[in-house]
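Subject: Model for your files

Hello,

Please find the structure below. My notes on it follow, and I would be glad if you read them with the model open.

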Amino acid sequence: SLNRDPSLIQSVLIDKPAPQFDLPAVPGLDVPGFDTAALAGEVSVVNVFASWCIPCRDEHPLLEALKAETGVRLFGINQKDAPENAAAFLAELGNPYDPIMGGDVRSIGYE
């Protein structure tokens, strides 16, 4: 279930502000892109995914459950993927994301 202790996952990004970014929506998807300002004010989850990523396919049902059970704002970053492949991935598995932007997470300050 989704009742897991978040302190069990170590990350150097905990309590760090998001880097400044403004990337466009993925062409062909009927959802907007987003920027740093969109993350302000509420708890949000930002998830990086791609159609070519095997673990992304495995985690997708968990993201859909998270969205359905909690209503948390779920932002997607489609990592270096062809727009038509991203659209096919989400058409097949469902789209739990509110906005989705396309690009390379390294371009917005994440490594």
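Predicted model: local features only at pLDDT ≥ 70, side-chain atom pairs only at ≥ 80, totals over all residues.

Residues are numbered from 1 along each chain as its sequence is written, and side-chain values use heavy atoms, with hydrogens and water left out.

Cores. A nonpolar core here is a set of buried Ala, Val, Leu, Ile, Met, Phe, Trp, Tyr and Cys residues joined through side-chain atoms within 4.5 Å. Buried means under 20% relative accessible area, exposed over 50%, and partly exposed in between, with a 1.4 Å probe and protein chains only. The largest core has 14 residues, and those with the most contacts inside it are Leu29, Phe49, Leu90, Tyr97 and Ile100. Two elements, helix 1 (54-70) and helix 2 (83-93), each give it two or more residues; helix 2 gives the most, with three. Helices (H or I, at least four residues) and strands (E, at least two) are DSSP runs, numbered from the N terminus. Apart from this core lies another, of seven residues, among them Phe21, Leu23, Leu39 and Met101.

Tyr97 has contacts (heavy atoms within 4.5 Å) with Asn47, Phe49, His60, Leu63, Leu74, Phe75, Gly76 and Leu90, leaving aside residues up to four places away in sequence.

Helix 2. Its buried residues are Ala86, Phe89 and Leu90. They lie on the same side of helix 2 because they cover an arc of only 90 degrees around the axis, taken from the directions from the helix axis to the C-beta atoms. The face turned away from that side carries the exposed residues Glu84, Ala91 and Glu92. Just after helix 2, Gly94 takes a positive phi of about 100 degrees.

Lys80 has a positive phi of about 45 degrees although it is not a glycine. Most residues other than glycine have a negative phi.

Asp81 is buried yet has no salt bridge (a side-chain nitrogen of Lys or Arg within 4 Å of a carboxyl oxygen of Asp or Glu). The nearest side chain of opposite charge, Arg57, is 9.1 Å away. The side chain of Asp81 does reach the backbone nitrogen of Ser51, at 2.7 Å.

Regards

Conventions: Lys, Arg positive; Asp, Glu negative; His and termini not counted. Polar contact = N/O pair within 3.5 Å; in protein donor to acceptor, adjacent residues only side chain to side chain.
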